[in-house]
Amino acid sequence: MLATFHADLHLHTCLSPCAEEEMGPLAIVRQAKKKGLDVIGICDHNSAGNVAAVRQAGRREGLAVIGGVEVCSEEEVHILGLFDEQESLLNMQRLIEENLHGENNPELFGQQSLCDQNDAVVARETRLLIGATELSVDEVVEKIHQLGGLAVASHVDRESFSLFSQLGFVPRGLQIDALEISPLHSVAEAGDSFPQTKGYRLVSFSDAHRLEEIGTTFTTFRGISPSVKEFRKALLGEDEREILN
Ligand SMILES: [Zn+2]
Ligand SMILES: [Zn+2]
C-alpha cells in the first residue's frame, strides 16, 4: 500500500568537522521525529562512519534511516550517494578512503567524532574528511550506481562545492539521479534562476549541520516504504510512486 513520506536525506553528524558536536546519532533521530520527518539520510563528508549508530538509534526510536555519504570529487563538487544496503555503502567508503589524503587538524577544521547510538564519543577520525578525493564527478556517480545507490548532486544552487559553482552545468552524459536545491531557494525559484536544472529532477534537503536545521527543508514522496529503492521509483514516476513537492 502506498504511503507518504517526508524525507530529509542530507544530514551531517558530528563526524563532519564543520558540523556541531550536538549532532549525535540519538539527538538527530529525536529532533527528526519532533520535526515530523518519516525518513532521514545520513551523509557526512567522505565518510559513513556514523551511519550504523544512527541506524541503531533510529530502530530504537522508530525512525527510518538511510545510509549515505557526501563525496567531494576532485573538481570539488559534492555528490550524495544514498544506499539501502550497508555493505554497498561500506564498499563506497573503501573506495573513498583509497582516494582521500591528509590528516585532520581539529583546531583548524573541527573535531570528527565517531559515536555510539547514545551519542557517546567512541573515537575520533584522524583523516581529514573535508578534503577533495581523487575521484572525478563521473567516477563518483558511476561507482554509486555500480553499487546500487542513488546519486544526487548536492546544493547545486550554492556558490561553492556544487556542480554549477565548479563546472557551471551538468556534464553531458552524467547519469545523475537528481539535483538537490539548498534551503537558500525553493525548488520553483531554483528552476527559474538556474536554467541548467531544466530536464533534471529536483529535490530539496536541509544539509543540516546543526540540530535546529534538521527538517527545515525536505522532500515528500509516495511509495510503499521509506527506502532508496522507493525514492528512486518516485523520482522516475514509476508504479504510481511520485514526488509530491
Ligand atoms: Zn556539501
Ligand atoms: Zn552536506
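**Strand E8 and its neighbours**

Trainee: In E9, which residue is the bridge partner of Leu-179?
Mentor: This is a predicted model. Strand E9 covers residues 202-204 and runs parallel to E8, with 3 bridges joining them. In E9, Leu-179 has as its bridge partner Leu-202.

Trainee: In E8, which residue is the bridge partner of Val-152?
Mentor: Look at strand E7, residues 150-153. E7 and E8 run parallel, joined by 2 bridges. In E8, Val-152 is partnered by Ala-178.

Trainee: Are the faces of strand E8 covered or uncovered?
Mentor: In a regular strand, side chains alternate between the two faces of the sheet. In E8, Ala-178 and Glu-180 lie on one side, and Leu-179 and Ile-181 on the other. A residue counts as buried when 20 or more other C-beta atoms lie within 10 Å of its own. These four residues are all buried, so both faces are covered.

Trainee: What is the handedness of the β-α-β unit that E8 and E9 make with helix H7?
Mentor: E8 spans residues 178-181. Helix H7 spans residues 187-193. With E9, they make a β-α-β unit that is right-handed.

Trainee: Why does the radius of gyration of the protein chain agree with a compact globule?
Mentor: The chain has 245 residues, and a compact globule of that length would come near 18 Å. The C-alpha atoms fill a box of roughly 45 × 40 × 30 Å along the principal axes. The radius of gyration agrees with the globule because the protein chain has 17 Å.

How values were computed. Residues are numbered from 1 along each chain as its sequence is written. Chains are lettered from A and ligands numbered from 1 in the order in which they are written. This is a predicted model: local features need pLDDT of at least 70, side-chain atom pairs count only at pLDDT 80 or more; totals for chains, interfaces and linings use all residues. A residue is buried if 20 or more other C-beta atoms lie within 10 Å of its own, exposed if 12 or fewer, and partly exposed in between; C-beta atoms are placed from the backbone. Two strands pair if DSSP finds at least two bridges between them. A crossover is right-handed if, with the strands pointing away from the viewer, the path from the first strand over the helix to the second runs clockwise. The radius of gyration is taken over C-alpha atoms; the globule rule is 2.2 Å times the number of residues to the power 0.38.
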